[in-house]
Amino acid sequence: MSNPKPHIIIEGSMQYQLGELKGNQIIYDFDKMLIYLNAKGKLLFGSKFRIFEEDRDILFKLCNYFIKDVANCQKLDIDINKGILLTGPVGCGKTSLMKLLRHMVPHQKPYKIIPTRNIAFGFNHIGYKTIEDYGDGQYFCFDDLGVEPIGRHYGKDCNVMGEVLLSRYEFFLQTKIKTHATTNLNAAELEERYGERVRSRMRQLFNLVAFDKGSLDKRK
């Protein structure tokens, strides 16, 4: 059964209204969305979690993407049919935001967040079935893309995430099911890690959303 009030999210005894329902459309209020994200972040990550003012612009982009606000996304040069590649320095909050934002749209199919190093280790144990498992029809966010080790199965080396991304690209062309990822690497480093062919496919798979290079390490 579909949620008759997808603009209202209940967490325990608290109710958060993210906007107004007009017909079958939600008119979201960004400030109300931030209030909810701040509260949900504390529930997920502990009382020290907070939304930083310096991240407001990046959150505006991500929130508009997740609520599928076509007009705002066009202004922000974001294609709602592609996934998100969230880049930025270590500790700026990429993984936390991707864990958090999926809760804001409970009426959408959630994605699983999978550390890329787990995928590489899985390949070492069971080989190419790992690539099939992550190249298929589930919704994934690959966390920490580019820091995973090269896979090795029965003495053969494999750039596991490069192969997974190629599979996800082919799957995306057939089904339009999106892939998300987070990374500390810049475009040149990603190309060096995965090669020009994979980098080219990544441009078609992802919207690039980048934290400022000088973003705070929020884990300190």
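**Aromatic contacts in the predicted model**

Tyr134 is buried, as is Phe142. Both residues belong to a predicted model.

Aromatic pairing was searched across the whole structure. Nine aromatic pairs were found. One of them joins Phe30 and Phe60 in an edge-to-face arrangement.

Phe30 has a relative accessible area of 15%. This value is under 20%, so Phe30 counts as buried. Phe60 has a relative accessibility of 27%. That value lies between 20% and 50%, so Phe60 counts as partly exposed.

The buried residues Tyr134 and Phe142 also form an aromatic pair. Their ring centres are 6.4 Å apart. The planes of Tyr134 and Phe142 lie at 75°. Angles over 60 degrees count as edge-to-face, and the pair is therefore assigned to that class.

Ring pairs also build a cluster. Its members are Tyr65, Phe66 and Tyr111.

Charged side chains were examined over ring faces as well. Arg50 is placed over the face of Phe52, 4.1 Å from the ring centre. Lys176 is placed over the face of Phe172, with a distance of 4.9 Å to the ring centre.

Methods
Residues numbered from 1 in each chain as written. Predicted model: local features only at pLDDT ≥ 70, side-chain atom pairs only at ≥ 80, totals over all residues. Heavy atoms only, no water. Phe/Tyr/Trp six-rings, centres within 6.5 Å; stacked < 30°, edge-to-face > 60°. Buried < 20%, exposed > 50% of the residue type's maximum accessible area, 1.4 Å probe, protein only. Lys NZ or Arg CZ within 6 Å of the ring centre and 35° of its normal.
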